[in-house]
Amino acid sequence: MKRKHLIWDLDGTLTDSAGDILTYLELSLQEASVDISAKIKPIQIGPPIDIMLKEAFPPGMLTDKKIAEVVTNYRRLYDSSGFPTTVPFKGIEEIISDSTNFTHYIVTNKPNPAADRIVRKLKWDRKIAALIAQYPRVEQRKPKSVFFAELIAKAGRDKSSFVGIGDVKGDCIAAKKNGITAIGVLWGAGTKEELKECSDELFDDVGRMHDFLLAII
């Protein structure tokens, strides 16, 4: 039996965290006196907060200073919230608890300490081999593909044993850039149209994805 090494995204892939993120982001925007009704499209969860804001509001509406203010507000409110409505998607717990067939890693754009606190809240800290979270400072930020490369190199395993799993295009691109299988999931923020272009497999059901992962061992 050949164990599979699964590199998971967190928000929108393992956990349904949209409610908490959007609630505290809206509060952060209100504190910064930003007109929320000015959004040109819904906020897409997945990228870092500053990118989420730039994509959701008209170009030039939010200055770098205003974005920094919102992000500061958000980090204070969200990171200390306890993440009351963040829960695993149905069926995920069974996969994460399987340490016989899989080694689990999480690579997320969410910075510490929030990512670490969520993993501990869910009691996953002993179920995953590594949690790699994004740096909070913009100048330290790395593309997910770099984090993937570093993780794969450190693990010292054959690339064919790795699978990258995520709900947005960037997750699948990070996997493909590193020459590993890319799985896109449709229960998060990404659409079928954007994910099918960059994923090897696409699933709209956790159970069917679990069956596939067991089948390729």
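Biologist: Thanks! Where is the place of F102?
Modeller: F102 sits in strand β4, residues 102-111; strands here are DSSP runs of E, at least two residues, and helices are runs of H or I, at least four, numbered from the N terminus. This is a predicted model, where local features need pLDDT of at least 70, side-chain atom pairs count only at pLDDT 80 or more, and totals for chains, interfaces and linings use all residues. Residues are numbered from 1 along each chain as its sequence is written, and side-chain values use heavy atoms, leaving out hydrogens and water.

Biologist: Is F102 buried or exposed?
Modeller: F102 is buried, with a relative accessible area of 1%; buried means under 20%, exposed over 50% and partly exposed in between, using a 1.4 Å probe and protein chains only.

Biologist: Which residues is F102 in contact with, leaving aside neighbours within four places in sequence?
Modeller: With contact meaning heavy atoms within 4.5 Å, they are R3, K4, L6, I95, H210, L213, L214 and I217.

Biologist: New topic: how many aromatic pairs does the structure hold?
Modeller: There are 6, counting Phe, Tyr and Trp rings (the six-membered one for Trp) with centres within 6.5 Å; planes under 30 degrees apart are stacked, over 60 edge-to-face, the rest tilted. Y78 and F83 are edge-to-face because their ring centres are 5.0 Å apart and their planes are at 70°.
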